[in-house]
Amino acid sequence: MFQKVLDVYGLDSKEFTVEPFGSGLINHTWKVSNAEKAYVLQRININVFKSPGDIAHNLLLLKRHLDLTAPKYLFVAPIDTVNGDQLVELEGDFYRLFPFVKGSHSLDSVTKSEEAYHAAKQFGKFTRMLDAFDVKKLKPTISDFHNLPLRVEQFKQALKTAADDRLKRAAWAIEETVRHLDIAVDYQRITEEGNLTNRVIHHDTKISNVLLSEGTGVGLCVIDLDTVMPGYFISDVGDMMRTYLSEANEEETNLNRVQVRVEIFSAIYKGYMEEMHRILSVAEDKLFVYSGKFMIYMQALRFLTDFLNGDVYYKTTYPEQNLKRALNQIDLLNKYIAAEPEFNEAIKAIDLKKG
Ligand code: GN1
Ligand code: MG
């Protein structure tokens, strides 16, 4: 398979080492490298991304826009094949090849505030650089991806169809998820009031999706652009809260290790808002703290729904993994809510010189 795919790019697989790369739950990723050159090869999960062509379409439009408006901005778009395509179809699967950014590295977890700051700055910068781009031109690569009311509906549906033993094992998680339904009610109100603007949003802002300079640790760019599509800033900020505040991630089963670190919250706020505070409306600013609740809750719902559905969406390596992930996210949510007063104080202490 590797040879056939690399052929399309004019590369000889015999000259490269190919090894699994990264830790994504959806696509398959490999690093293709030798002493001189390095690439990242990815197979798109077409059960999730039903029209891979839409991803290529979006990235091409964004690349053209940035080539004109910000040629120095590092935008890691797929490499063209020898025929000038951005996507390769092979035996029903779809592949892309990316350049591996020299002198870069990525992290699997946030240990220091500066890491959160640089990452948040890169995600803020990404949306800011594309502020003048007509977001309506982008296709939703996964429809209703962060539509919280729809995720609630899918959860309710799963409750009706789940196997009895799964319902039993998930009883406490279900109770907690129902208890927090007000977060979805808030979302409905916020969107109905028209307080959120559609922007170019990344939708997967985990720390491993930012490349940092190997030498200085400064942010270089964001990667993993499959879910770049129209959306609300609360998705990107919320996913940073979800994945940076605790050093232990969603796989952690010892919930004592799940924490929310207020200094990391401040770093996310500072990094993101330094780029975005002139762009976000006052109504959007006020949703900064809400964004964490929104994303953590939605992820808890999604893991729990997948457990109830018999683990059909997320890759798993042991039987109750999706339930454990849901319990982790519920715990994180409860800790997040308890820390809200501290978050609000932290925001007040940061001076962004709004203007
Ligand atoms: C999936 O594959 P990965 O790890 O980039 C998921 C995200 C979830 C995340 C949870 C397309 O992302 O929405 O937040 O798992 N992506 C998709 O780890 O569903
Ligand atoms: Mg991803």
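User: What share of the contacts in the protein chain with a separation of 6 or more comes from residues 24 or more positions apart?

Analyst: Such residues account for 76% of those contacts in this predicted model. Two residues are in contact if their C-beta atoms, placed from the backbone, lie within 7 Å. The model is a predicted one, in which local features need pLDDT of at least 70 and side-chain atom pairs count only at pLDDT 80 or more, whereas totals for chains, interfaces and linings use all residues. Residues are numbered from 1 along each chain as its sequence is written, and chains are lettered from A and ligands numbered from 1 in the order in which they are written.

User: What makes the protein chain as compact as a globular protein of that length?

Analyst: The protein chain has 12 helices and 10 strands; these are DSSP runs, numbered from the N terminus (helices: H or I, at least four residues; strands: E, at least two). Its radius of gyration is 20 Å, close to the 20 Å that the globule rule gives for 355 residues, and the chain is therefore as compact as a globular protein of that length. The radius is taken over C-alpha atoms, and the rule is 2.2 Å times the number of residues to the power 0.38. Along the principal axes, the C-alpha atoms fill a box of roughly 55 × 55 × 35 Å.

User: Why is Leu211 called buried?

Analyst: A residue is buried if 20 or more other C-beta atoms lie within 10 Å of its own, exposed if 12 or fewer, and partly exposed in between, with C-beta atoms placed from the backbone. Leu211 has 22 other C-beta atoms within 10 Å and is therefore buried. Leu211 belongs to strand β8 (residues 210–213). Not counting residues up to four places away in sequence, Leu211 touches Val101, Ser104, Ser106, Leu220, Cys221 and Ile223. The C-alpha atoms of Leu211 and Leu107 are separated by 8.2 Å, although the two are 104 residues apart along the chain.

User: How do you know that Leu332 counts as buried?

Analyst: Leu332 has 28 C-beta neighbours inside 10 Å, so it counts as buried. Leu332 is part of helix α12 (residues 321–348). Its contacts, not counting residues up to four places away in sequence, are with Ser246, Val258 and Ile296. Between the C-alpha atoms of Leu332 and Val260, 72 residues apart along the chain, there are 7.4 Å.

User: What is the phi of Glu91, and is Glu91 buried or exposed?

Analyst: Phi of Glu91 is positive, about 45°, although Glu91 is not a glycine. With 6 C-beta neighbours inside 10 Å, Glu91 counts as exposed. The loop between β4 (88–90) and β5 (93–99) holds Glu91.

User: Which domains does the domain assignment of the protein chain give?

Analyst: The assignment gives domain 1 (1–100) and domain 2 (106–354); domain bounds come from an automatic or database domain assignment. The centres of domain 1 and domain 2, taken over C-alpha atoms, are separated by 26 Å. In domain 1, 19 residues are in contact with 20 residues of domain 2. The side of domain 1 that touches domain 2 divides into 12 nonpolar, six polar and one charged. Here Ala, Val, Leu, Ile, Met, Phe, Trp, Tyr, Cys and Pro count as nonpolar, Asp, Glu, Lys and Arg as charged, and the others, Gly among them, as polar.

User: Which residues are around ligand 1?

Analyst: They are Gly24, Leu25, Ile26, Val48, Ile142, Asp204, Thr227, Glu250 and Gln299. A residue is near a molecule if its C-beta atom, placed from the backbone, lies within 6 Å of it. This shell divides into four nonpolar, three polar and two charged residues. Domain 1 and domain 2 each supply at least three residues of the shell.
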